[in-house]
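Here is a short report on strand pairing and aromatic contacts. Please keep the sequence and the 3D view open while reading.

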Amino acid sequence: MNPNVRPDTMERITTPELANAFIDEQIAAIRAQVGDKKVLLALSGGVDSSVVAALLIKAIGKQLVCVHVNHGLMRKGESEDVIRVFGEQMDANLIYIDATDRYLDLLAGVSEPERKRKIIGEEFIKIFDEEAAKLEGISFLAQGTIYPDILESKGVKAHHNVGGLPEEMDMELVEPVKLLFKDEVRVVGEALGLPHHMVYRQPFPGPGLGVRCLGAITRDRLNALREADAILREEFDKNGLNHVWQYFISVPDFKSVGVKDGKRYEGWPAIIRAVNTVDAMTATIEEIPYPVLHHITDRITHEVPGINRVCLDLTPKPIGTIEWE
Ligand code: XMP
């Protein structure tokens, strides 16, 4: 039997009961595979790595070492969330690395999108490698591979995921959710007690806000983007719009003229994009009610220093890709 092929007989995990049965099965399998050895996991805070972390914590506790690298391009509160949920609530063995300065120094002046992606991906491998070298007695590498990753290894995700993990890391893999689809991973995550917002988090590109802070990233514009994005997410939550597949802000690297308190006020535009899709190959535009848009505009322009306009991107994919870069 090929371990990377989902058996026809495998029932779709749709209920907490089925999730609990899966969890029990996986705990036994993980313990059998790992014994008393240590396992390393890159914990980004995305759905898949979070569920794998929770499962492994349940199975082997402190034998799991989680490494969370904050590249400074996370959404507001996301690294804090990882520390709170895994470090504090689940009492995991968590190594937190704030690599913000390292990334932003490397990215300074780099405007070409694929070059930005490459730098972000390569730096992650370097940092992860450095951390792994400091640890002793690690025998296994856990990964949040899910079934679509196996099925679509030539698809959008593979094309984008320049990050990946060091290939030369000669460790046996632990991939407990590799035969699950995303909806099943979420059911399992909730059964493991992970917070709803973490389990139902919208997809977030590996390079994070790096591909939404358009052109060469600067700290002030990145901060403005992060704050505007947090307001957008808060308002989508409050207004029952968080079913939308992906919604975010991009901030281009040019300013326009505005006026504030009777004085000239130059600022960047914040561009809202809210799309629905099934597989990210095509996407349609969510209709956001105008009162919500007015309120978001009002909040962003008043609360975020440096932003003086809000624009709405109405372009479907094709012709526009989901991300601007
Ligand atoms: P595009 O912009 O190609 O995006 O229409 C399709 C989906 O992929 C996400 N995306 C990325 N994901 N690394 C990732 O992990 C990346 O470099 C990357 N670029 C785009 C995008 O958010 C959308 O969900």
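## Strand S9 and its partners

Strand S9 is joined to strand S11 (residues 307–312) by 5 bridges, and the two run parallel. Ile271 has Cys311 in S11 as its bridge partner. Strands are DSSP runs of E with at least two residues, helices are runs of H or I with at least four, and both are numbered from the N terminus. Two strands pair if DSSP finds at least two bridges between them.

Strand S6 (residues 246–250) runs antiparallel to S9, with 5 bridges. Here Tyr247 is partnered by Ala274 in S9. Strand S10 (residues 284–285) also pairs with S9 in the antiparallel sense, over 2 bridges. Val275 stands opposite Ile285 in S10.

S9 (residues 268–276) has 8 of its 9 residues buried, so the rest of the structure largely encloses it. Buried means under 20% relative accessible area, exposed over 50%, and partly exposed in between (1.4 Å probe, protein chains only).

## Model basis

This is a predicted model: local features need pLDDT of at least 70, side-chain atom pairs pLDDT 80 or more, while totals for chains, interfaces and linings use all residues. Residues are numbered from 1 along each chain as its sequence is written, and side-chain values use heavy atoms, leaving out hydrogens and water.

## A stacked aromatic pair

Phe236 and Tyr247 form a stacked aromatic pair, 4.4 Å centre to centre with 20° between the planes. Rings of Phe, Tyr and Trp (its six-membered ring) pair if their centres lie within 6.5 Å; planes under 30 degrees apart count as stacked, over 60 as edge-to-face and the rest as tilted. Phe236 lies in helix H10 (residues 219–238) and Tyr247 in strand S6, so the pair ties together parts 11 residues apart in sequence. Phe236 is buried at 0% relative accessibility. Tyr247 is buried at 5%.
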